[in-house]
Amino acid sequence: MKRAKMAENSEGLGTVPEHERILQEIESTDTACVGPTLRSVYDDQPNAHKKFMEKLDACIRNHDKEIEKMCNFHHQGFVDAITELLKVRTDAEKLKVQVTDTNRRFQDAGKEVIIQTEDIIRCRIQQRNITTVVEKLQLCLPVLEMYSKLKEQMTAKRYYSALKTMEQLENVYFPRVSQYRFCQLMIENLPKLREDIKEISMSDLKDFLESIRKHSDKIGETAMKQGAQCETRSWDSRITPWDLVDFSPVYRCLHIYSVLGDEETFENYYRKQRKKQARLVLQPQSNMHETVDGYRRYFTQIVGFFVVEDHILHVTQGLVTRAYTDELWNMALSKIIAVLRAHSSYCTDPDLVLELKNLIVIFADTLQGYGFPVNRLFDLLFEIRDQYNETLLKKWAGVFRLEDNYSPIPIVNEEEYKAVISKFPFQDPDFEKQSFPKKFPMSQSVPHIYIQVKEFIYASLKFSESLHRSSTEIDDMLRKSTNLLLTRTLSSCLLNLIRKPHIGLTELVQIIINTTHLEQACKYLEDFITNITNISQETVHTTRLYGLSTFKDARHAAEGEIYTKLNQKIDEFVQLADYDWTMSEPDGRASGYLMDLINFLRSIFQVFTHLPGKVAQTACMSACQHLSTSLMQMLLDSELKQISMGAVQQFNLDVIQCELFASSEPVPGFQGDTLQLAFIDLRQLLDLFMVWDWSTYLADYGQPASKYLRVNPNTALTLLEKMKDTSKKNNIFAQFRKNDRDKQKLIETVVKQLRSLVNGMSQHT
């Protein structure tokens, strides 16, 4: 118990100084800081709160004692002061009465003065107000006048002046009267007026853009007319598009947006809209290639568009720039070239292509005069030139297909002679010495073809004009296009003509003669081109005409066709052959079909006298060889099962006639019996069967000096078996005739020997 009390005292002694410190802080600090201080009491040791409250009560009692001491000390003084106040209260009431009476007398005496003074004050106030109003009105009148002027300018659509007036109002006038409500209303109205001006000017610009789109065609047409008249022009001589279109909306809109500080918006809008219009202008109509008017409208619209842009470039500051127009032109040029390349490919009329070329040249020259680069357009013209040449070649293919009578040109007098010479350069001194009437060796198609080749050269030259190319380049273009005409078109026409079914041997002969004279005339065509271009043929890079090879090829084709048709004619005669292959005795004369064939060959070879010698000889040799082959195939035909000795003898008579024809020299120039050798295979085969010399054949076979060197064992075996079958058919009667029986045995023996020989050849092979 004693220990607990001591501990409690010890704990109390430790907390007393802390409580005193807290009380000092409460007395000396702000009430806002009391909370944290009091919180420390509760955060302390247990029972600290109770001890603190006891300490606080003791402190309060001490302060109450001090207050009581102070009040007791000053109480006597307070009582004395109250006593003094009671003494002067009577005097104060008297003074109050006196002051009130005096004030009343003064009020009565100053009423009239007050009235007059108030009148004077009121007048002074009115006078001051009038002066102030006059001053303010003088300050406001210029503002109102300027604003009225602004309204008039807006009504008169003088928007640029209106904007300048707005600037003056804002910078000069409004600051003077900014305190007035009407000024604030005006200030608030100005942005709306500016927007109205922007909208109106933009509307005018849209109307202008629509107008310029409609008038681009007319502007372009006028510019291209100038371009056709002169290739180069100065700025002063260019078309003045403002004669056709009012550009003032552009200037006004540009000035307005410049004043409003929104010039970039205007420039972007203008360029964007013009690019859209450019795309529309560059879009061609689907049928543009059908007429030259379609191309002309396309070009005039484009020229009109860029003439306007060039005008805007030179008369405005920065609305469009050279870089912008160059970019726009490059974009347009790529589209133009693609359109022209596509649409020109559909043109099949050379006149239309030529007109297109002229339009492109004028189009290019016009835009070049305005400073736009056009080299790519002239490069395109070289592509179109190839297209033009193709259309010319197709057109001339039809010209060259004109009918011909395939007969030499007859003339009866000097006038007719000169008429032909004026069309075709024919030179032959011997022919000139002949008397009238006479005939040119060529037919009427030769002068016609020569004239048409010259016309083609003229037509090709038309495209080369105005292309700003040198004479050497033009000469090269003419020669190349002429070569295409000769090597492709004319050559193709000649070959097609040669292969036509209705062209007979006589016509083929005339065609060969014609090609010979056309070949000789090629040098005159080269001279003709030289006279046009003044470029000598001796120039290193001069292209030569390929007419020589062209006409040689045609001539060779005609020659080959002669050989083919001649053989076909021979086949037609051979098909008429009607042999009785089982006849016992020959007729004693050659077959009718063969004599007709020989007579035909004689007559046709008479016509061949106009051909070069080698051609006639080749044709004759080819005919004889083909006839020999056809006759041999007739004997060896698999469908022919039997053949009698009489038929062989009859066939021998026909071959004799063929040999007689060959020996009669139907075409001069053969040496010795060259032509007869065409029938040597038939002759040796028939001789073998006619004389029945099988022992000699079998004994000498394979020897260089063999009498029947040209007889093939297979051929002999085939024919002999056909004769053996005939002998068997007649065996009933032949068995009573010893000679026939012996012959039959001989045939069987020879057949066995030939088979053995053929088998030996096969094994050796």
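Predicted model: local features only at pLDDT ≥ 70, side-chain atom pairs only at ≥ 80, totals over all residues.
Residues are numbered from 1 along each chain as its sequence is written, and side-chain values use heavy atoms, with hydrogens and water left out.

Of the 765 residues, 41% count as buried, meaning under 20% relative accessible area with a 1.4 Å probe and protein chains only.

Let me turn to the rings. The structure holds 32 aromatic pairs, that is, rings of Phe, Tyr and Trp (its six-membered ring) whose centres lie within 6.5 Å. In one of them, Y417 and F440 are stacked (planes under 30 degrees apart), at 5.6 Å centre to centre with 10° between the planes. This pair links distant parts of the chain, since Y417 belongs to helix α12 (residues 414-423) and F440 to the loop between β2 (438-439) and α14 (445-464), 23 residues apart. Are these two residues buried or exposed? Both Y417 and F440 are buried.

Elsewhere, ring pairs link F689, W692, W694, Y697, Y701 and Y708 into a cluster.

Finally, R271 lies over the face of Y324, at 5.1 Å from the ring centre, and K357 lies over the face of F463, at 5.9 Å; the criterion is NZ of Lys or CZ of Arg within 6 Å of the ring centre and within 35 degrees of the ring normal.

Definitions and conventions
Buried < 20%, exposed > 50% of the residue type's maximum accessible area, 1.4 Å probe, protein only. Phe/Tyr/Trp six-rings, centres within 6.5 Å; stacked < 30°, edge-to-face > 60°. Helix = DSSP H or I, 4+ residues; strand = E, 2+ residues; numbered from the N terminus.
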